[in-house]
Structures are given as structure tokens and as C-alpha cells.
Amino acid sequence: MRKLENSELNRKSVADFKQSDKTPIIIILDDIRSLNNIGSVFRTADAFLIEKIYLCGITATPPNKEIHKTALGATETVAWEHNANVLKVIENLKEDKVTVLAIEQVESAVFLQNFKVEKNTKYALVFGNEVHGVSQEAVALCDGCIEIPQLGTKHSLNISVSAGIVVWDLFKKMNLNL
């Protein structure tokens with residue numbers, strides 16, 4: 001086994017990325033404090049050709065050197081928009097027939113492994129503040145909630161880890177032939 005060189009990885013150019021068909025997933029980050037988390041989510045979004053990221057509330061926006069540290073250029077490829085009001089973003093997406101799901105521990109949440117993606121459906125995933133999670137007001141507006149099962153003593157994961165887990169799982173379910 002030999003580790004591949006960067007030149008062998010067939011990476012897309014920024015122009016190719018922007019022209020590529022996107023995975024029908026939108027990420028909403030609401031009140032995320034950590035600039036490293038924001039940058040990491042941009043990297044995940046780039047890796048899976050995510051359609052767009054909404055940065056809401058206090059979530060910082062590019063250009064920002066701390067976001068860039070972990071995004072490593074993904075802020076140049078992934079479409080993003082800032083909107084101070086996450087509730088307005090959710091309402092607008094629902095009007096556009098996007099299924100909006102909070103990633104949160106709530107009554108009647110569907111465990112991630114049991115969530116079934118529907119063909120020809122675009123999903124928006126809401127990730128909330130590192131301490132308080134997705135606000136109750138945002139949860140109430142969502143079409144449903146997905147919970148990542150956790151079996152240890154902790155009851156939460158880092159936001160960028162949660163985004164990576166959920167995006168990968170949905171991407172995999174949408175692309176069963178990979």
C-alpha cells in the first residue's frame with residue numbers, strides 16, 4: 001500500500017467545484033461561537049459538494065483568519081450567506097419546499113441510523129450553539145429532528161463532528177451506489 005500524492009487525488013478546481021452538481025443538502029449554523037467549528041464545517045461541506053451554508057445569529061463569516069485555519073480555502077468554494085435570523089431562514093427554505101431538520105436531542109427525534117432520505121428531496125440541517133444547541137423556537141419550525149445516538153457518559157458532540165457525521169450519513173444514503 002502506498003500513500004497517494006496530492007497530484008493523484010483528482011481534486012476539483014474552484015471553477016469546477018462551482019460548476020458541479022451539488023448534493024441537495026444545505027447546512028444552517030446558528031449562533032456558533034467557535035471559528036474553528038465554522039471552518040471545519042466549511043471543509044466538510046466542500047468534501048461532500050454541499051449546496052450552501054447559512055451562517056446565522058452570532059456565527060462569524062468569512063473572510064476571517066481563524067475560520068480560514070480550518071476551512072483551508074473551502075470558504076472560496078462553498079456558497080454561503082449570512083442572515084441574522086435563523087427563524088427567517090427556516091421559514092424561507094420551507095416556502096421553497098426544502099425539508100428542514102434540526103440536529104438535536106428532542107422528544108420523538110429520529111435516530112440518524114433510522115432516518116430515511118426521500119428521493120428528489122432537498123434537506124436543510126440546523127446545527128445550534130455549542131452550549132445551548134438548536135433553539136426551541138427553531139426546533140418548533142423544523143419539519144423534524146435527527147439525533148445522533150451516543151452511548152457514553154457525554155450527551156453531546158462537537159458541532160463540527162456532528163456536522164461531519166450527519167452529512168456523511170445523508171450523503172451515503174443519497175448515493176447508495178458509491
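Student: In strand 7, which residue is the bridge partner of isoleucine 103?
Tutor: The model is predicted, and the pairing described here is computed from its atoms. Strand 4 covers residues 99-103, and three bridges join strand 4 to strand 7. Within strand 7, the residue bridged to isoleucine 103 is isoleucine 146.

Student: Which residue of strand 6 is the bridge partner of leucine 101?
Tutor: Strand 6 spans residues 123-127 and is joined to strand 4 by four bridges. In strand 6, leucine 101 has as its bridge partner leucine 125.

Student: In which direction, parallel or antiparallel, do strand 4 and strand 7 run?
Tutor: Strand 4 and strand 6 are joined by four bridges and run parallel. For strand 4 and strand 7, joined by three bridges, the direction is likewise parallel.

Student: How many of the five residues of strand 4 are buried?
Tutor: A residue is counted as buried when its relative accessible area is under 20%. Strand 4, residues 99-103, is mostly covered. Of its five residues, the number buried is four.

Student: How many disulfides does the structure hold?
Tutor: A disulfide is a covalent bond between the sulfur atoms of two cysteines. Its criterion here is a pair of cysteine sulfur atoms within 2.5 Å. The closest cysteine sulfur to that of cysteine 56 belongs to cysteine 142, and at 11 Å it is too far for a bond; cysteine 145 also has its closest cysteine sulfur in cysteine 142, at 5.8 Å, which is too far for a bond. The number of disulfides in the structure is zero.

Student: What is the relative accessibility of cysteine 145?
Tutor: Cysteine 56 counts as buried, with a relative accessibility of 0%. Cysteine 145 counts as buried because its value is under 20%. For cysteine 145, the relative accessibility is 12%.

Student: Is threonine 75 buried or exposed?
Tutor: Threonine 75 is located in the loop between helix 3 (65-71) and strand 3 (80-83). Leaving aside neighbours within four places in sequence, its contacts are Phe42, Pro62, Ile67 and Trp80. Its relative accessible area is 12%, and therefore threonine 75 is classed as buried.

Student: What accessible area do Leu157, Val161 and Ile165 have together?
Tutor: Leucine 157 lies in the loop between strand 7 (144-147) and helix 6 (159-174). Patch members need over 30% relative accessible area, and leucine 157, which is partly exposed, has 34%. Leu157, Val161 and Ile165 form a nonpolar surface patch, and their accessible area together is about 200 Å².

Key. Residues numbered from 1 in each chain as written. Predicted model: local features only at pLDDT ≥ 70, side-chain atom pairs only at ≥ 80, totals over all residues. Heavy atoms only, no water. Patch = residues over 30% accessible without salt bridge, like charges linked within 9 Å, V, L, I, M, F, W, Y side chains within 5 Å. Areas by Shrake-Rupley, 256 points an atom, 1.4 Å probe, with all protein chains shown as cover. Salt bridge = Lys/Arg side-chain N within 4 Å of Asp/Glu carboxyl O. Helix = DSSP H or I, 4+ residues; strand = E, 2+ residues; numbered from the N terminus. Buried < 20%, exposed > 50% of the residue type's maximum accessible area, 1.4 Å probe, protein only. Contact = heavy atoms within 4.5 Å. Pairing = 2+ DSSP bridges.
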